[in-house]
Amino acid sequence: MTIIWDDFEKVSLVTGTIVQADDFPEARIPAYKLQIDIGNGTIKKSSARITHLYSKEELIGKQVICVTNFPPKQVGPYVSEVLVTGFYNQEGAVVLAVPDKPVHNGLKLA
């Protein structure tokens, strides 16, 4: 499917830094509950199925690319407010999409 530039601009892809990562034992598929600083003092929650490749400890301080304009999604007892982006590897585990150099939180992907 081909999209036009206006379609791409509708997606708010911004940088954020993971400031907290907790186990999510209620999740049907193993996941973490994340708190992500997306700039201007705004912290958003996300449920992320990234337990196969990342420990909670190594996620703290990691910058990620998030979709911030999806509606909130109820995931069991948790409300996920942003989508953390990544790629499925050959084994089906998610590899996070991250900036390769530090940038300010809240910057929009261009």
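**View 1. The largest nonpolar core of the predicted model comprises 17 residues.** Within this core, the residues with the most contacts are Leu-34, Ile-36, Ile-50, Leu-59, Val-64, Val-84 and Leu-96. Strands β1, β2, β4 (63-67) and β9 (94-96) each contribute at least two residues to this core. In soluble globular proteins, nonpolar side chains tend to be buried together.

**View 2. Surroundings of Leu-34, one of the core residues with the most contacts.** When neighbours within four places in sequence are set aside, Leu-34 touches Ile-18, Gln-20 and Ala-21, as well as Lys-44, Lys-45, Ser-46 and Ala-48, and its remaining contacts are Ile-50, Leu-59, Tyr-78 and Val-84. Ala-21, listed among these contacts, is also the residue whose bridge partner in β2 is Leu-34.

**View 3. Pairing of strands β1 and β2 within an open sheet of five strands.** Strand β1 (residues 13-23) and strand β2 (residues 32-37) run antiparallel and are joined by six bridges.

**View 4. A nonpolar surface patch formed by Leu-53, Phe-87 and Val-95.** The patch made by these three residues covers about 270 Å². Phe-87 belongs to strand β8 (residues 86-88), and this residue counts as exposed because its relative accessibility is 56%, where exposed means over 50%.

Note on methods: Residues numbered from 1 in each chain as written. Predicted model: local features only at pLDDT ≥ 70, side-chain atom pairs only at ≥ 80, totals over all residues. Heavy atoms only, no water. Patch = residues over 30% accessible without salt bridge, like charges linked within 9 Å, V, L, I, M, F, W, Y side chains within 5 Å. Areas by Shrake-Rupley, 256 points an atom, 1.4 Å probe, with all protein chains shown as cover. Salt bridge = Lys/Arg side-chain N within 4 Å of Asp/Glu carboxyl O. Helix = DSSP H or I, 4+ residues; strand = E, 2+ residues; numbered from the N terminus. Buried < 20%, exposed > 50% of the residue type's maximum accessible area, 1.4 Å probe, protein only. Pairing = 2+ DSSP bridges. Core = buried A, V, L, I, M, F, W, Y, C linked by side-chain atoms within 4.5 Å. Contact = heavy atoms within 4.5 Å.
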